[in-house]
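Open the model in your viewer and keep the sequence panel beside it. This tour moves from one selection to the next.

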Amino acid sequence: MSAVWDFFGVSETDKAHAICNLCNTTVPRGGASAKCFNTTNLIRHLAKEHKEEYAEFKKRSVEKEKETPKRMLKQTSLDSTHPYRRDSEKAMGGTRKLMEFLVLADLPFNIVENPAFQRLLAYFDPRYLLPGHTYCGDSGLNDLHRDVHLHVEGLLKDGSPSISFTTDIWSSDVSPMSLLSLTAQWIDSKFKLRTAVLHAQEFRGSHTAAALVTKYDNMLQMWQIPRERVHVVLRDNAANMTKAMREARLPTLPCMAHTLQLAIHDGLLAQRMITDILATGRRIIGHFKRSPQAYCAFHDVQQQLGQDVKKFQQDVTTRWNSSFYMLQSLLEQKRALAAFGADHDVPAFFNSNQWGLIENIIKILEPFEELTRGISSSTASASDVIPSVMALKRFLSRDVPSDHGVGTTKAELLRAVTRRFDGIEDKPLYSLATLLDPRYKDRCYSAELKAHTQRLLLDLLAAQMSPDEEQGPGANNTDEPAEKMPRPGSLSSMLGEIMQEERPQRATPAVSQLNVYLSEPVIPQDTDPLAYWRDNQERFSALTTAARAYLSAPCTSVDSERLFSAASKILDDRRSRLSASKVEMLLFVRKNLPLMFK
């Protein structure tokens, strides 16, 4: 404490002031809050009003400084500047957090040698010594990868008996490297959807079906996942992928988003009228992309018209919805384009008939865009496919006033969707998933398809049950006499077959629970189906295992595509010399590390 307080005391009525013991004068302490208090005003008061006491204050201050143990000051100074030992808890923890930051932020390891980055960390803790980039890329990454790998391994062992997968192939634009992905998705015992990246493995040589089969076998063996746990593998429609799944005898489904892309291309984007409109739109947008002067002038026109300053969106041929967004952006700027074209040269323009067609095309494609966004979400599942396709067909089959000029286009789209999604109701991976989704149940099926799908589910459940569970009450009743068997080929035998087909199903727990489940109303579309099963797993105990399996299947391979989007940020122009094994490690940690934070 300062020696000045030998001559002052704190005011009892106002802590922000001190009272001079010599003249009872109130002196402010330098602020309104405790963190602002200081003794400057008190010392000035002594120096001005009480010179003898001020001299005594200075003398006492010198004596107090001499009383402070110099050895303690020296030790404190050394402790605050001496670097942490490399093997200390503080240094090792800091390095771990540094590695997590570098991987999650997609930063190159040599940033640790950047002077600006070093100054930033030194500001927060000057005692922490940054490791070199070689350590980060080798030991640091290996240690982090090992810990994340063990965590994912534990999740898979404790997870569902059925796991769904997605896979795809990606080729880098900046390096001669191709990667084969494998992502896993399952529902745990608490009915929470889990996802993990298992591989983004280098795929060298020809991408043949045989090579793919070998790769998938090695990947599953590496994680000790038996084929019985593979519920389904989502892949694109490429011939080599389809053949590989068939030869590997893995249950598989095509990516719905990719199939939808093909249907729209067949029914809409392949038509001359539409391709002409898209070509004109690309020429208009390309003009502004290449000319900053034209873009600035167009922005001025937008402001003069009181519109928000927006840029046009260029389409990508491999993404149909990018063409939809391009037409939307052009239609939104119709007035601004007309005003700009009155005073400036534009390489192409739409006539009034084409503007009308653009508006009608957008209305036709809006449900497709809504569906694409829905199935690309992390919660979309295979249960959404049949209801979504049925809704699309109903929309395309209805005549509305906005069909003027695009009626043929709409009919072609309907034919393309019907052709591309033909037979999906006959695929158990789709039909059973829809039946077990409480948002849909059997409401999307005809009477014949309802009975067929229910029989499929009951046969599946019977195969999973023990003999005692499968037998219903009265199954062992032998009091009834055996029925007399009619002569084969007789009319009685034919009638017996008909009666056998219509016989009510034996009352087993699965049959009873399924009847109760289907008799109840469906839940709202925006409700989480997994929350429903979590709340009703005791009521429908015979159905929950099947629900965990079939609702785990995604309807697209979006997880693999997002993985490769992350890969393009890691393997970029600045890090094009990274090895494939290093890229896989970075991707694995980048995608799975957040699982350890939950």
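Select Arg146 and Asp143. Both sit in helix α6, 3 residues apart, about one turn of the helix. Helices here are DSSP runs of H or I with at least four residues, strands are runs of E with at least two, and both are numbered from the N terminus. The two side chains form a salt bridge, with the closest N and O atoms 3.1 Å apart. A salt bridge here is a side-chain nitrogen of Lys or Arg within 4 Å of a carboxyl oxygen of Asp or Glu. Side chains of opposite charge can pair when their charged atoms come close.

This is a predicted model, so local features need pLDDT of at least 70 and side-chain atom pairs count only at pLDDT 80 or more, while totals for chains, interfaces and linings use all residues. Residues are numbered from 1 along each chain as its sequence is written, and side-chain values use heavy atoms, with hydrogens and water left out.

Color the pair by accessibility. Arg146 is partly exposed at 42% relative accessible area. Asp143 is also partly exposed, at 32%. The scale is this: buried is under 20% relative accessible area, exposed is over 50%, and partly exposed is in between, with a 1.4 Å probe and protein chains only.

**Next: Arg96 and Asp147**

Arg96 forms a salt bridge with Asp147, the closest N and O atoms being 2.7 Å apart. This pair links distant parts of the chain: Arg96 is in helix α4 (residues 89-104), Asp147 is in helix α6 (residues 133-157), and 51 residues separate them. Arg96 is partly exposed at 27%. Asp147 is partly exposed at 23%.

Now select the whole group. Arg96, Lys97, Glu100, Asp143, Arg146 and Asp147 are linked in a network of salt bridges. How many salt bridges does a search of the whole structure find? It finds 25.

**Next: Asp217 and Arg227**

Here is another salt bridge, between Asp217 and Arg227, with the closest N and O atoms 2.4 Å apart. Asp217 is in helix α7 (residues 209-222), and Arg227 is in the loop between α7 and β8 (230-235), 10 residues away. Asp217 is partly exposed at 23%. Arg227 is partly exposed at 36%.

**Next: the nonpolar cores**

Show Ile264, Phe288, Phe368 and Trp533. Of the 87 residues in the largest nonpolar core, these four touch the most other members. Helix α14 (residues 352-375) gives the most to this core, with 10 residues. A nonpolar core is a set of buried Ala, Val, Leu, Ile, Met, Phe, Trp, Tyr and Cys residues joined through side-chain atoms within 4.5 Å.

Center on Phe368. Leaving out residues up to four places away in sequence, Phe368 touches Leu260, Ile264, Trp320, Leu392, Leu396, Leu413 and Val417. Contact means heavy atoms within 4.5 Å. Apart from this core lies another, of 63 residues, among them Met99, Leu102, Val589 and Leu593.

Select Gln261 in helix α9 (residues 256-269). Is Gln261 buried or partly exposed? Gln261 is buried, at 13% relative accessibility. Gln261 touches Thr317, Thr318, Arg319 and Trp320, not counting residues up to four places away in sequence.

Move to Asp276, in helix α10 (residues 272-290). Asp276 is partly exposed at 33%.

**Next: two positive phi angles**

Phe191 is not a glycine, yet has a positive phi of about 55 degrees. Find Phe191 in the loop between β6 (178-187) and β7 (193-202). Phe191 is buried, at 2%.

Lys441 also is not a glycine, and has a positive phi of about 50 degrees. Lys441 lies in the loop between α17 (428-435) and α18 (447-464). At 0% relative accessibility, Lys441 is buried.

**Last stop: the largest cavity**

Select the lining: Gln185, Ile375, Ser376, Ser377, Ser378, Ala380, Pro554, Cys555, Thr556, Val558, Asp559 and Arg562. On a 1 Å grid over the protein atoms alone, a cavity is a set of points where a 1.4 Å probe fits but cannot get out, and lining residues have an atom within 4 Å of a point. Helix α24 (residues 558-570) gives the most to this lining, with 3 residues.

Technical notes
On a 1 Å grid over the protein atoms alone, a cavity is a set of points where a 1.4 Å probe fits but cannot get out, and a pocket is an open set with protein on both sides within 12 Å along at least five of seven lines; lining residues have an atom within 4 Å of a point.
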